[in-house]
Amino acid sequence: MYSDNEILFPHYAIPALRDMRSGCWARLVDDLEDKPETSPEILGLMSLMIDLNGCLSCETDSFRAMRGCTACAKQTLRRCKESDEELLRSYQERVTQMRSDYSKTDK
């Protein structure tokens, strides 16, 4: 009954998003393929998807949770009205924030 649902957008769902937008989006997903799960780049994309998908308000017994995180994320990207440039800009801002947070913890 329950598919691949998690509390927040999962790392393993990223490759399934490759062909959901333009070539720039596909290149981003390709670039993330070999990154560790805790890299600022992966965490930046996960943060973006958490906000876009509304993961914080998702209930485990909701229809979208029953469909699974991957299906939810694909549908979200299909319906997203933001341009690819806006999505990529938001992603870059999040990566910058993640790197800043990382540097604070290294001290």
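**Figure 1. Contacts across the whole chain.** Contact here means heavy atoms within 4.5 Å. Among contacts in the protein chain with a separation of 6 or more, residues 24 or more positions apart account for 70%. This is a predicted model, in which local features need pLDDT of at least 70 and side-chain atom pairs count only at pLDDT 80 or more, while totals for chains, interfaces and linings use all residues. Residues are numbered from 1 along each chain as its sequence is written, and side-chain values use heavy atoms, with hydrogens and water left out.

**Figure 2. The fold at a glance.** The protein chain has five helices and zero strands, where helices are DSSP runs of H or I with at least four residues, strands are E runs of at least two, and numbering starts from the N terminus. The C-alpha trace spans about 45 × 30 × 25 Å along its principal axes. Of the 107 residues, 40% count as buried (under 20% relative accessible area, with exposed over 50% and partly exposed in between, using a 1.4 Å probe and protein chains only).

**Figure 3. Helix H2 against helix H5.** Here H2 (residues 40-53) packs on H5 (residues 84-105) at an angle of about 125°, with the axes 8 Å apart. Axes are lines fitted to C-alpha atoms, for helices over the stretch in contact, and angles run from 0 to 180 degrees between N-to-C directions. That angle makes H2 oblique to H5 (under 35 degrees is roughly parallel, over 145 roughly antiparallel, 65 to 115 roughly perpendicular, and the rest oblique). Residues of H2 in the contact include Leu 45, Leu 48 and Asp 51, and those of H5 include Tyr 91, Arg 94 and Met 98. By class, the contact of H2 with H5 holds ten nonpolar, three polar and four charged residues (Ala, Val, Leu, Ile, Met, Phe, Trp, Tyr, Cys and Pro count as nonpolar; Asp, Glu, Lys and Arg as charged; the others, Gly among them, as polar).

**Figure 4. Helix H1 alongside H5.** H1 (residues 23-32) meets H5 at an angle of about 30°, with axes 10 Å apart, so the two helices are roughly parallel to each other. Cys 24, Trp 25, Leu 28 and Leu 32 of H1 touch Leu 87, Leu 88 and Tyr 91 of H5. This contact has seven nonpolar, no polar and no charged residues.

**Figure 5. A look at Gly 54.** You will find Gly 54 in the loop between H2 and helix H3 (63-67). Gly 54 counts as partly exposed because its relative accessibility is 22%. Leaving aside neighbours within four places in sequence, Gly 54 is in contact with Met 49 and Arg 64.
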